Amino acid sequence: MKLGFYPKMAADGMHKNGKLYTPYFITSIMMVAVYYILNFLGFSEVLYGIPGGHTATDLMVLGSYIMALFGLTFLFYTQATLIKGRKKEFGLYSILGMNKKNISRIILWETALTWAIALFGGLLTGIGLSKLAELTFSRMITASTSYTFTVSQISVKMTIVVFTLIFVLLYLNSVRQVRFASPIELVRAD
């Protein structure tokens with residue numbers, strides 16, 4: 001098969017199932033953005049100079065871990081709904097001659113495109129709202145803050161690593177759902 005066949009099939013499938021993918025994209029972007037903001041606040045230098053600031057940053061880092069677990073759970077749920085809606089299409093591909101390995105490649109490209117959109121959109125949103133979150137948090141705890149806009153490289157790296165791992169797990173779960181179902185089961189899925 002041609003080199004661009006699987007990415008084209010993935011993009012076409014995502015476009016045709018826009019009603020399923022739009023909420024999934026929005027959910028993914030918001031999860032990435034919130035995780036970045038919590039992680040950004042956890043490494044914020046503004047909070048280190050105030051009494052109790054170290055505790056506040058520790059709570060923000062803990063919040064980012066909780067957000068990662070919540071994101072994993074929530075994205076697994078939305079991914080399962082997405083795959084359930086696409087099983088009939090994958091069953092049709094299987095009946096028309098595609099084997100499970102080919103369908104797995106389509107799912108890989110769909111997951112990779114979703115990962116790229118979620119990370120780009122989520123980091124852009126998170127970076128854009130991070131200073132607002134820092135100013136709001138500083139005002140809540142009556143701390144002085146600077147108005148310089150910064151991007152936390154540590155938070156960006158951690159966000160990329162965490163959500164790459166989450167999307168790898170989502171891909172493996174999707175492949176598992178399709179591989180262990182017969183073509184007839186896939187076609188009859190609702």
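Within helix α2 (residues 18-42), Y21 and Y24 lie 3 residues apart and are thus separated by about one helical turn. Helices (H or I, at least four residues) and strands (E, at least two) are taken here as DSSP runs numbered from the N terminus. The structure is a predicted model, in which local features need pLDDT of at least 70 and side-chain atom pairs count only at pLDDT 80 or more, whereas totals for chains, interfaces and linings use all residues. Residues are numbered from 1 along each chain as its sequence is written, and side-chain values use heavy atoms, with hydrogens and water left out.

The protein has 6 helices and 0 strands, and its pattern along the sequence reads α-α-α-α-α-α. Of its 190 residues, 47% are buried, a term that denotes under 20% relative accessible area, with exposed meaning over 50% and partly exposed the range in between (1.4 Å probe, protein chains only). Contact is defined as heavy atoms within 4.5 Å. Among the contacts in the protein with a separation of 6 or more, 82% join residues 24 or more positions apart.

Aromatic rings were examined next. Rings of Phe, Tyr and Trp (its six-membered ring) pair if their centres lie within 6.5 Å, and the pair is stacked for planes under 30 degrees apart, edge-to-face for those over 60 and tilted for the rest. The rings of Y36 and F40 form a stacked pair, because their planes stand at 25° with the centres 6.0 Å apart. Y36 and F40 are 4 residues apart in helix α2, which places about one helical turn between them. Y36 is buried, with a relative accessible area of 0%, and F40 is buried at 3%. Ring pairs also link Y21, Y24 and F25 into a cluster.

Apart from its neighbours within four places in sequence, L82 is in contact with L20, Y21 and Y24. L82 and K19 are 63 residues apart along the chain, and their C-alpha atoms are separated by 9.9 Å.

Helix packing was described by axes, which are lines fitted to C-alpha atoms, for helices over the stretch in contact, with angles from 0 to 180 degrees between N-to-C directions. The axes of helix α1 (residues 5-16) and helix α4 (residues 100-140) come within 8 Å and cross at roughly 65°. The two helices are therefore roughly perpendicular, where 65 to 115 degrees defines that class, under 35 is roughly parallel, over 145 roughly antiparallel and the rest oblique. In this contact, Y6, P7, M9, A10, A11 and M14 of α1 meet N102, R105, I106, W109, E110, L113 and T114 of α4. The residues involved divide into 9 nonpolar, 2 polar and 2 charged. Here Ala, Val, Leu, Ile, Met, Phe, Trp, Tyr, Cys and Pro count as nonpolar, Asp, Glu, Lys and Arg as charged, and the others, Gly among them, as polar.

The axes of α2 and α4 come within 6 Å and cross at roughly 45°, so α2 is oblique to α4. The residues of this contact comprise 17 nonpolar, 7 polar and 2 charged.
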